[in-house]
Amino acid sequence: MMKIMKRKFQISILMASLILAILSCSTVKKLPATVAGASRARFVGNWTLTKVSYDGLLPGTVQAIFNQAAPEAFNGSTWNLTNSGNGIYTLSNGTSQTIFWSYNNSNGEVFQFKKLYQGDSAGKVQQGYQLIVASIDGTNMILRLPVSLGDKTAYVILSFYKAK
């Protein structure tokens with residue numbers, strides 16, 4: 001009886017080892033956005049700016065954002081963000097701008113980008129833009145662009161939808 005139990009125990013250990021070996025060789029799955037280091041991946045994809053709104057500002061107060069156009073001109077713009085940090089946004093009127101983007105979470109969540117022109121390298125461009133990440137999930141993103149008003153800060157709020 002003891003030999004039978006010992007044999008069953010050995011077979012169980014062998015099966016458990018085999019299962020563990022098979023599982024450890026399986027393909028790596030995409031990390032969820034909540035895992036450290038995977039947060040940047042949430043931004044990758046094709047986004048459409050669906051709504052511009054304001055917090056602490058009246059519409060028309062801000063003449064231009066990103067030194068380019070009025071906030072409303074960005075409605076309907078598309079933003080293609082690649083995993084490498086390269087990107088491009090295109091306004092509804094066809095104007096495109098190449099960017100280099102990054103994500104910084106050292107002091108809150110910040111989406112930042114630099115405009116790149118022909119011949120520019122991201123490392124040499126000193127000026128850029130920082131937007132506070134209000135929320136982001138698989139299909140929606142809200143970014144808040146700070147605007148100084150004397151001793152107060154107001155925001156242009158950019159709402160995006162991610163195309164599948």
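In what sense do β4 and β5 pair, and over how many bridges? I looked that up first. β4 and β5 run antiparallel and pair over seven bridges. I count two strands as paired if DSSP finds at least two bridges between them.

**Ground rules.** This is a predicted model, and local features need pLDDT of at least 70, side-chain atom pairs count only at pLDDT 80 or more, and totals for chains, interfaces and linings use all residues. Residues are numbered from 1 along each chain as its sequence is written, and side-chain values use heavy atoms, with hydrogens and water left out.

**Overview.** Helices (H or I, at least four residues) and strands (E, at least two) are DSSP runs, numbered from the N terminus. Of the 164 residues, 32% are buried. For me, buried means under 20% relative accessible area, exposed over 50%, and partly exposed in between (1.4 Å probe, protein chains only).

I went back to β4 and checked its faces. The covered face has Gln97, Ile99, Trp101 and Tyr103, while Ser96, Thr98, Phe100, Ser102 and Asn104 are on the uncovered one. Across from tryptophan 101 I find phenylalanine 113 in β5. The β4 and β5 hairpin has five residues between the strands, and glycine 108 there has a positive phi near 85 degrees. β4 also pairs with strand β3 (residues 86-90), antiparallel over five bridges, with glycine 87 opposite isoleucine 99. Those two strands form a hairpin as well, with five residues between them, and glycine 94 in the turn has a positive phi of about 100 degrees.

**Salt bridges.** I get two in the structure. The cut-off is a side-chain nitrogen of Lys or Arg within 4 Å of a carboxyl oxygen of Asp or Glu. One joins arginine 42 to glutamate 109, at 2.5 Å from N to O. Arginine 42 sits in the loop between α1 (2-24) and β1 (45-55), and glutamate 109 in the loop between β4 (96-104) and β5 (110-116), 67 residues apart. Arginine 42 is buried at 17% relative accessibility, whereas glutamate 109 is partly exposed at 30%.

The other is arginine 144 with aspartate 55, with 3.2 Å between the closest N and O atoms. Arginine 144 is in strand β7 (residues 140-149) and aspartate 55 in strand β1, so this pair ties together parts 89 residues apart in sequence. Aspartate 55 is partly exposed, at 34%.

**Lysine 162.** What does a buried lysine do here without a salt bridge? I found lysine 162 in strand β8 (residues 152-163). Its nearest side chain of opposite charge is aspartate 137, 8.7 Å away. (Lys and Arg count as positive and Asp and Glu as negative; His and the chain ends are not counted.) A polar atom of the lysine 162 side chain does lie 2.7 Å from the backbone oxygen of valine 44. Beyond its neighbours within four places in sequence, lysine 162 is in contact (heavy atoms within 4.5 Å) with residues including Arg42, Gly45 and Trp47.

**Glycine 45.** Glycine 45 is buried, at 16% relative accessibility. Glycine 45 lies 5.8 Å from asparagine 80, C-alpha to C-alpha, although the two are 35 residues apart in sequence.

Note on methods
A polar contact is a pair of N or O atoms within 3.5 Å; within protein, one must be able to donate a hydrogen and the other to accept it, and residues adjacent in sequence count only if both atoms are side-chain atoms.
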